[in-house]
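Trainee: Please take a close look at one part of this model with me. Pick a single piece, and tell me how it sits among its surroundings.

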Amino acid sequence: DFLGNTKGALLLEPQRTNILLNSDNGSSYGVYSATKTLDEVISLDGALNSFTLEGNGDTNQVLGYSSNKTLSAGDYTFSVFAKKGTNDFIQLFFDGFSGSLNGEAYFDLENGTTSNSFGKIENYGNGWYKCSVVGTVVGSDLTGRFGFRISYTSSNFFFPTANDAIGKNAYFYGFQAEQGSYATSYIPTSGSAVTRIADVSSQTPPSGIIGQTEGAILLDVISDDIGGNVAFRLSDGTNNNRVTFEWSGAKVPYFVVSSGGSLVVYQSITVSQNVRHKIGIAYKENDFVIYVDGVLMASDTSGAIPTSLTKLEFGEGSSNFKGVVNQTQIYNTRLSNAELQALTT
């Protein structure tokens, strides 16, 4: 059972480095107006290696933080697994890197919600949530630290008084800071940064599987909410001959067919991201259609077929698809419109 799929699934991720040391139990993180108790609660991996951050009443805030890091400019994601104790709310933030509004979010560990679009919260069961926040490190602000707080509410980290902060706690496990605009799966560290190499999966299809004069593609997919995300590309390895479905850099979805370097089909349609869709595309000379969730979204009755279609990719070249692919089917004949409608409904 992987990612909720008892039939199995692949988790394919880019190369990432967790730059935070001793990531599991918080032994290398400093605290302010707080008590840190190591190895007090069983974490998600079944070991007694999470820690408790609890207010001690020195001030009206409860704070933990990493050591200073000097980074290259770009987007970074800071994440941790957290579980409520006597307090519902926590905050993750970038400290010292940048004065911009991103790089900060509050998390409600009772209801599983976050305060803004820079934060993301995922339910991992047994009260544990993976909380993450994205921030941008700018060229003039390259040194700082990653911080976490016990928060009074979902928008204010200050408690009314220092006495109100006494005994307010939450549990933490698995800190990670990585360069990139989203969190990948947890990379444990112990004393030094750890790099996980990129995942790669490929298969050469048998001859005749991909239709050269006609065909159809069915895709059951959830795209991350980003621009420039290519759900799939059927091609000769270049953009000169391809059949693709993609979200542009401006997050506009397009059905694109190119033959011999000339655009045959270039249709914008209405398909949202972060939502599961069933997409069906059929191609044949002078006969191109795309169905989404049982609805005909676009068609074109003029154009040649791309030649030498040999590759099916989730992405385009080095621009890998970011999202979830539940199922893919490819046919070397053009399915009828009725079949496409039924299979995508």
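Mentor: Start with the surface. The chain exposes about 15900 Å². Carbon and sulfur atoms supply 48% of that area. Keep in mind that this is a predicted model.

Now the whole chain, briefly. Its secondary structure comes to two helices and 27 strands. The C-alpha atoms fill a box of roughly 75 × 40 × 35 Å along the principal axes. Of the 345 residues, 44% are buried. Take the contacts between residues at least 6 apart in sequence: 67% of them join residues at least 24 apart. As for charge, there are 21 positive and 32 negative side chains. The centres of those two sets lie 1 Å apart.

The part I pick is strand 22, residues 287-292. Is strand 22 largely enclosed or largely open? Count its buried residues. Five of the six are buried, so strand 22 is largely enclosed by the rest of the structure. The cut-off behind that word is a relative accessible area under 20%.

Next, its partners. Which strands pair with strand 22? One is strand 21, residues 276-284. Six bridges join strand 21 to strand 22, and the two run antiparallel. The other pairing is with strand 23, residues 295-300. Here there are five bridges, and the run is again antiparallel.

Look at single residues in these pairings. Val292 of strand 22 is the bridge partner of Ile279. Val292 also has a bridge partner in strand 23, namely Val295. Then find Phe288. This residue stands opposite Asp300 in strand 23.

Now the turns. Strand 21 and strand 22 form a hairpin, with two residues between them. Asn286 sits in that turn and has a positive phi of about 60 degrees. The hairpin of strand 22 and strand 23 also has two residues between its strands. There, Asp293 takes a positive phi near 50 degrees.

You can find positive values elsewhere in the chain. Asn22 has a positive phi of about 50 degrees, and it is not a glycine. Asn22 lies in the loop between strand 1 (16-18) and strand 2 (30-32). At 23% relative accessibility, Asn22 counts as partly exposed. Ser33 has a positive phi too, near 55 degrees. Ser33 belongs to the loop between strand 2 and strand 3 (34-38). Ser33 is buried, with a relative accessible area of 6%.

Ser223 is in strand 16, residues 214-223. Ser223 counts as buried because its relative accessibility is 2%. Its side chain makes a polar contact with the side chain of Gln273, at 3.0 Å. Beyond its sequence neighbours within four places, Ser223 is in contact with several residues, including Trp247, Asn274 and Phe321.

Asn241 is in a loop, between strand 17 (229-235) and strand 18 (242-247). Asn241 also counts as buried, at 7% relative accessibility. The side chain of Asn241 reaches the backbone nitrogen of Gly260 at 2.8 Å. Leaving aside neighbours within four places, the contacts of Asn241 include Leu234, Ser258, Pro306 and Leu309.

Val137 is our last stop. This residue is in strand 12, residues 128-137. At 1% relative accessibility, Val137 counts as buried. Not counting residues up to four places away, Val137 touches several others, among them Leu71, Tyr76, Phe97 and Leu142. From Val137 to Asn241 there are 104 residues in sequence. In space, their C-alpha atoms are 39 Å apart.

Back to your part, then. Strand 22 is joined by bridges to strand 21 and to strand 23. Each pairing forms a hairpin, one with Asn286 in its turn and one with Asp293 at positive phi. And five of the six residues in strand 22 are buried.

Methods: Residues numbered from 1 in each chain as written. Predicted model: local features only at pLDDT ≥ 70, side-chain atom pairs only at ≥ 80, totals over all residues. Heavy atoms only, no water. Helix = DSSP H or I, 4+ residues; strand = E, 2+ residues; numbered from the N terminus. Buried < 20%, exposed > 50% of the residue type's maximum accessible area, 1.4 Å probe, protein only. Contact = heavy atoms within 4.5 Å. Areas by Shrake-Rupley, 256 points an atom, 1.4 Å probe, with all protein chains shown as cover. Lys, Arg positive; Asp, Glu negative; His and termini not counted. Charge placed at Lys NZ, Arg CZ, Asp CG, Glu CD. Pairing = 2+ DSSP bridges. Polar contact = N/O pair within 3.5 Å; in protein donor to acceptor, adjacent residues only side chain to side chain.
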